[in-house]
Amino acid sequence: MSFRPFTSVLYVCGLLAPVALGAQGPGVPPSTRQVFPADPKASVPALSQFMGTTTSELADAISRFAADQTALQRRYDAPDSKSQRERMRAFFTTWRERLAEHDFGKLSQEGKVDYVLLDNHLRYQLDLMAREDRQRVEIAPLLPFTDVLMALQERRRDLYSVNGQEAARTLATVTREIDSLRALLEPAPARAGSDSARAPRAVAPKVSRTAGNRAAERLDQIRNTVGQWYRFSSGYDPVFTWWAANPYQKLDESMRRYAQTIRQRVVGIQVANAAPATVAAGGAPGTGAPAAQARSAAAANEPIIGDPIGAEGLAMDLRHAMVPYTADELIAIAEREYAFNEAEAKKAARQMGFGDDWKAAMEKVKNAYVEPGKQPDLIRDLANEAEAFFGRHDWVTIPALAREDWRMEMLSPERQRVSPFFLGGESILVSYPTNDMTDEEKMMSMRGNNPHFSRATVFHELNPGHHLQGFMSSRYNPHRRQFNTPFWNEGMALYWEFFLWDHDFHVRPEDRLGALAWRMHRSARIVFSLSFHLGKMTPEQCIEYLVDKVPFERANSEAEVRRSFNGSYSPIYQAAYMLGGLQLRALYKELVMGGRMKDREFHDALYRGGPMPIAMVRARLAGTPLTRDGAAPWRFADQLPPHRPFPVR
């Protein structure tokens, strides 16, 4: 399930040998793991394997683009400032112009793939900037002082000398402006005298609740940037400190109170009237760890607001993902998938003696949780079971080092509030209750992480899922990590869930229900996330939809919706799990079931090609004709193989 702002947890390190997965070494008990290969040479490749392995003429150009983009983002680090916007827009535009100068027809298929990927990425970055321009206009009435404050950091990066007296004057002026804006949002004070004697009160800025929430988050960001600017000279420049210390402290407190007022009066979040934030040693207000932890804990209990992007925004994001469907068409696909899952859940429920009451059967499954403290043992054993199952088949290469190097850690209680299930990638992050949780929170966590639910997703997180993805993408075509998409990383991990279902990994009805719970979840994700962005569902309705359609605990459903709309994920991220998995199923049917590739050849090619929209994976492996604009639209849902219904015994 890999709940990451993801930019997934992919990591970079050395080289690998393409060694097929085999059984664990002799003498390794099933309750432990292999920590060192019997033959160390199995994880150290011969250097001849790397001679001439770069097949795209544009690989170096894309690596250069990524390095230059990173350099500029570090240089122009006043977030969303005027200078940053202008420089990045010029950067993306110029790269598109340079790309258009290249002779597309002379490129190999791999080079054409990279051309299309880079142009698609550049166009999307410019589209995102245009979207952000529109969003900035919506919040401008609440934050008219933004450019003035961002200019402080911009001038520092331009290496101008700071004038302490002028800086202090700017800070004081903005403080007065912020205090005036905050006063307009507060209730008008009662005053004596007749109404006719009162001077007319200025009108408070009118913005939507969504825009208000965005403004409050932006104000937090501005406050942090101004703090960075101030700390550069504070204490080092005695004249600056003499002039600016007091005005800065007043401005920082003014911004803190204004953000609180926006959240209360515009967004409708009842924020406790907290004392000024803790000051870190040598730092400034708003930078202390206790303050950050308190804000994180408070955010876990705030109303879920979100920021819907509408049908036009979804169309833009789907175009970038090369998914030629409307949001409504994708919702219809999800509902068809859900119908299959529900029918299979009823089969398993009947086998367990519950008739068609699959929800009652799910309750029994959830109550099969392990005792406190034993969840790490369960995850270890499930990972071993999955690797052993893959070891008995020739489906995919899992290098010896990829089986050796993953680690296990525990999720903090704070993170579990928004990630109630374990995560994976470089490490497997186990979610299970701690002693300071309430009894209700403990039961929610234990039931939601029961063995049957967990069995269906440990391999999604580790091998051959996210861990193997990160391992391989850092070693093969690493320049394409720039084009990472949840349709590739989440879709491929979910594809393996489909694949193992079709190959009888889940035989017991309880295990089938565990797998189906997640498949129902991924169908529901498409429906509720796209419906929210279309304005058809509120966050509260999304929670109710999950509670009704997916056998999750209510707190877990709320955490799922909160995480989906808190800005950590792109708007179509949650839909990408099942849609990416379905795309890969359609491609498997075309290439493997169609006799053009073998299982292992197909799966290895997915990993070694690097992350990208699945339509471009198809272009690579099927030799789809490409133009500068990409491939012809691929209506993958029309080419899906049927799901394998479990035989009734």
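Modeller: Helix α3 passes helix α9 in a left-handed crossing, a term used if the near helix is turned anticlockwise from the far one by less than a right angle, with right-handed used if clockwise. This is a predicted model in which local features need pLDDT of at least 70, side-chain atom pairs count only at pLDDT 80 or more, and totals for chains, interfaces and linings use all residues. Residues are numbered from 1 along each chain as its sequence is written, and side-chain values use heavy atoms, with hydrogens and water left out.

Biologist: Why are α3 and α9 called roughly antiparallel?

Modeller: The axes of α3 (residues 109-139) and α9 (residues 310-320) come within 10 Å and cross at roughly 165 degrees. Angles under 35 degrees count as roughly parallel, over 145 as roughly antiparallel, 65 to 115 as roughly perpendicular and the rest as oblique, so α3 and α9 are roughly antiparallel to each other.

Biologist: What makes α23 roughly parallel to α25?

Modeller: Helix α23 (residues 573-593) and helix α25 (residues 614-622) pack at an angle of about 15 degrees, with their axes 10 Å apart, and that angle makes α23 roughly parallel to α25. The crossing of these two, α23 and α25, is right-handed.

Notes: Axes are lines fitted to C-alpha atoms, for helices over the stretch in contact, and angles run from 0 to 180 degrees between N-to-C directions. Helices (H or I, at least four residues) and strands (E, at least two) are DSSP runs, numbered from the N terminus.
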